[in-house]
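Please look over the structure shown here. A few questions on its local packing come after it.

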Amino acid sequence: MTRDLTIKDWPMFDRVVRDPEVCALMLETILGIEVGHIEYISDEHAEKPSLKGRGVRMDVFARSGEAVYDIEMQAVREPHIMHRMRYYQAAMDSAALPEGCAYHKLPESYIIFICDHDPFARGLPRYTIERTCQEDGATRAEDGAHWIALNAPAWEQVSDAPLSWLLEYVHTGRAQGKLASILDERVRCANEEEAWKEQAMGFMTLEMEMLVREDAAREEGFAKGEAEGLAEGEAHARERFQALIAKLSDEGRLAELESTASDPGSMDRLMAELGV
């Protein structure tokens, strides 16, 4: 019998937060604003800023009214989280602004990383990144782009109870409050579906195989420091694996992933074929 997945496992997070009501409640809990009805939501949303640019895979991409939201579950340390946010912002903006439209038509956007670690090692439970003028420290960009990184292990420092309970659930698995209880119930129900759970575990196992194949990338990263190189290689491997899943899903070919379990070369051939 396979182990139960938690909200920190990306297949579970993608499945649970894909529900528009859960997504809206999570956004309202994190942002402290009324989000309203989620008009569009997609897991593993794909955007490509240009024909030659690197694609990006967003865990959960949602739209409500005139605003767009990207929510990422970051269980492992990301050494370049700010660069990643910057690139995600570019991808979202490029997709949101039709050709010929004025720049002020860009929608309000929120990029949210829920981290099971302190992403900036400053001891804060929440990091809200907004651009301001360096000369006076007060003039804000007012560009409608908002970046937020949450530090789940620091949940006890959060005075807002619903957000504290959400971070506590992510970090410890203990469910308190409305949102955490809903998440916990959805996670429990998903874990009772053995067929889905086995498929999700299969995806995660294949992802781990990819991590092994990324030894060269990690070794190259070791020049910058062993821990950083390892994390960078893991992040790159996960991006490639998720890109493969997204492309196979778009083409109705997800079943082909199963062949990689018995044929180590299958994943390499699939990636080469699909340009991942």
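The questions below concern a loop histidine and some helices in this predicted model.

Q: Is H117 buried or exposed?
A: H117 sits in the loop between β4 (108-115) and β5 (126-129). Its relative accessible area is 9%. The cut-off for buried is under 20%, so H117 counts as buried.

Q: Which residues beyond its sequence neighbours is H117 in contact with?
A: Leave aside the neighbours within four places in sequence. The contacts of H117 are then Q74, A75, V76, R77, E78, L150, N151, A152 and P153.

Q: Which elements do the buried residues of α4 pack against?
A: Helix α4 covers residues 161-172. Its buried residues are L163, S164, L166, L167, E168, Y169 and V170. They pack against α2 (20-31), β3 (67-74), β4, β5, β6 (145-151) and α5 (177-191).

Q: Which residue follows α4, and what is its phi?
A: The helix ends at residue 172. G173 follows α4. The phi of G173 is positive, near 85 degrees.

Q: At what angle do the axes of α1 and α5 cross?
A: M12, R15 and V16 in α1 meet L183, R186, V187, A190 and N191 in α5. These contact residues divide into five nonpolar, one polar and two charged. The crossing is right-handed. The axes come within 10 Å and cross at roughly 115 degrees.

Terms used: Residues are numbered from 1 along each chain as its sequence is written. This is a predicted model: local features need pLDDT of at least 70, side-chain atom pairs count only at pLDDT 80 or more; totals for chains, interfaces and linings use all residues. Side-chain values use heavy atoms; hydrogens and water are left out. Helices (H or I, at least four residues) and strands (E, at least two) are DSSP runs, numbered from the N terminus. Buried means under 20% relative accessible area, exposed over 50%, partly exposed in between (1.4 Å probe, protein chains only). Contact means heavy atoms within 4.5 Å. The expected span of a helix is 1.5 Å times one less than its number of residues. Axes are lines fitted to C-alpha atoms, for helices over the stretch in contact, and angles run from 0 to 180 degrees between N-to-C directions. A crossing is left-handed if the near helix is turned anticlockwise from the far one by less than a right angle, and right-handed if clockwise. Ala, Val, Leu, Ile, Met, Phe, Trp, Tyr, Cys and Pro count as nonpolar, Asp, Glu, Lys and Arg as charged, and the others, Gly among them, as polar.
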